[in-house]
Amino acid sequence: MTRSGRRGPSPDRPGGPPRRPRPLVRSPPTRSPATPEDAMSSTTVITNIASLVTNDPSQGDGSPLGLIQDAAVVIEGDRVVWTGEAGEAPAADHRFDAEGRALIPGFVDSHSHLVFAGDRTQEFNARMSGRAYSAGGIRTTVAATRAASDEELERNLTRYLHEALRQGTTTMETKSGYGLTVPDEARALRIAAAHTDEVTYLGAHIVSPDLADDPAAYVALVTGEMLDACAPYARWVDVFCEKGAFDGDQARAILTAGRAKGLHPRVHANQLTHGPGVRLAVELDAASADHCTHLTDADVDALASGNTVATLLPGAEFSTRAEWPDARRLIDAGVTVALSTDCNPGSSFTSSVPFCVALAVRDMGMTPDEAVWSATAGGARALRRDDVGRLTPGAYADLTLLDAPSHVHLAYRPGVPLVTGVWRRGVREV
């Protein structure tokens with residue numbers, strides 16, 4: 001069994017200069033060590049780990065998960081500085097006994113829509129009674145979001161971020177898309193940027209109800225004045241390339257304009273029907289094509305030959321009784337797959353990555369190992385990050401402790417609250 005005793009450098013943030021990480025949530029955490037200052041100036045060893053997922057195949061059993069049995073992790077400041085067998089762990093200032101539990105990287109949720117107001121309980125109830133989901137339901141949330149105050153939107157955002165953190169998510173991407181006016185989109189991104197680094201401009205969620213009869217005018221707004229107002233707050237640009245939203249030509253114009261402003265593309269692609277979204281994502285080197293439910297062989301081949309991650313969102317299929325994405329087909333073709341929640345009030349109102357892991361194993365053809373990798377390292381790749389989603393020297397000390405001896409229990413015991421500890425940037429938050 002291999003192990004690592006080396007200290008690694010602090011990797012720069014991919015896609016730009018390194019930035020000081022902002023807190024995922026601002027609610028008072030339970031900390032170990034006692035204060036952030038203690039954490040930045042001391043070392044902590046987490047030992048007696050039954051099974052450690054490193055996501056480094058050079059470690060442990062040599063699998064993609066890099067599993068180490070009877071393991072330990074050493075944290076210094078906000079970084080992992082050592083991983084290996086517990087008996088070989090170096091001395092540290094603080095010690096935490098995992099008591100024979102499994103430790104995995106914090107989940108990386110690379111697709112969510114958390115800046116909104118209201119809910120769509122009635123729509124969900126009707127859909128579960130037989131009415132199919134359509135993109136038009138977004139308009140209900142747009143109306144509620146426009147009517148909400150900044151304080152209400154921020155309160156909702158932090159509530160769902162904290163809810164996700166309690167379930168092991170330490171990195172969360174979130175989008176605009178429920179304002180669809182210049183001031184409402186800009187304020188959504190400003191609020192999101194105060195709480196997470198992974199912020200996506202999605203003015204192109206649907207055509208605004210204000211310009212429903214003139215989609216070309218709305219595309220011009222999204223690629224012009226709205227983009228100018230929103231770009232300073234975002235890292236990514238996204239578009240819902242789908243029947244009832246934006247076609248291939250419109251999506252290309254929106255993504256190209258965003259890229260010219262320094263935003264990297266992501267695409268809502270091939271969720272409801274076959275369409276051009278996936279191949280457009282690969283052509284434009286989008287970080288991810290999200291949903292990927294309806295794929296041709298040419299779509300799969302494009303994903304396999306490019307750098308675009310296929311991000312699968314099983315919460316949406318669960319909540320809409322839609323066809324499941326075929327993860328097995330993608331993985332067997334050599335496509336990199338991520339798993340995320342798509343947390344939003346309409347089609348996937350869950351913030352639980354463990355729930356999505358269980359769905360992916362049960363209904364999408366993934367093995368437990370593949371699902372956990374996709375929810376951690378896969379999500380990091382979908383954000384083009386190499387400093388999260390893994391537990392190796394130099395990575396951020398983002399860790400999730402399970403009340404179970406193995407990561408397999410995430411699928412083996414669906415619905416059970418197995419997350420019993422979460423560290424983010426070296427500080428225990430849960």
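This is a predicted model: local features need pLDDT of at least 70, side-chain atom pairs count only at pLDDT 80 or more; totals for chains, interfaces and linings use all residues.
Residues are numbered from 1 along the chain as its sequence is written. Local features need pLDDT of at least 70 and side-chain atom pairs count only at pLDDT 80 or more, while totals for chains, interfaces and linings use all residues; side-chain values use heavy atoms, leaving out hydrogens and water.

**Start with the whole chain.** Colour by secondary structure and you will find 15 helices and 17 strands (DSSP runs of H or I, at least four residues, and of E, at least two, numbered from the N terminus). Of the 430 residues, 60% are buried, meaning under 20% relative accessible area with a 1.4 Å probe, protein chains only.

**Next, select Thr43.** You are now in strand 1, residues 43-52. Is Thr43 buried or exposed (over 50%)? Thr43 is buried, because its relative accessible area is 13%. Now show its contacts (heavy atoms within 4.5 Å): leaving aside residues up to four places away in sequence, Thr43 touches Val74, Ile75, Glu76, Ala92, Asp93 and His94.

**Finally, select residues 353-363 and 368-382.** These are helix 13 and helix 14, whose axes come within 9 Å and cross at roughly 140 degrees. Each axis is a line fitted to C-alpha atoms over the stretch in contact, with angles running from 0 to 180 degrees between N-to-C directions. Show the side chains of Val353, Val357, Ala360 and Val361 on helix 13, which meet Pro368, Ala371, Val372 and Ala375 on helix 14. The residues of this contact are 8 nonpolar, no polar and no charged (Ala, Val, Leu, Ile, Met, Phe, Trp, Tyr, Cys and Pro count as nonpolar, Asp, Glu, Lys and Arg as charged, and the others, Gly among them, as polar).
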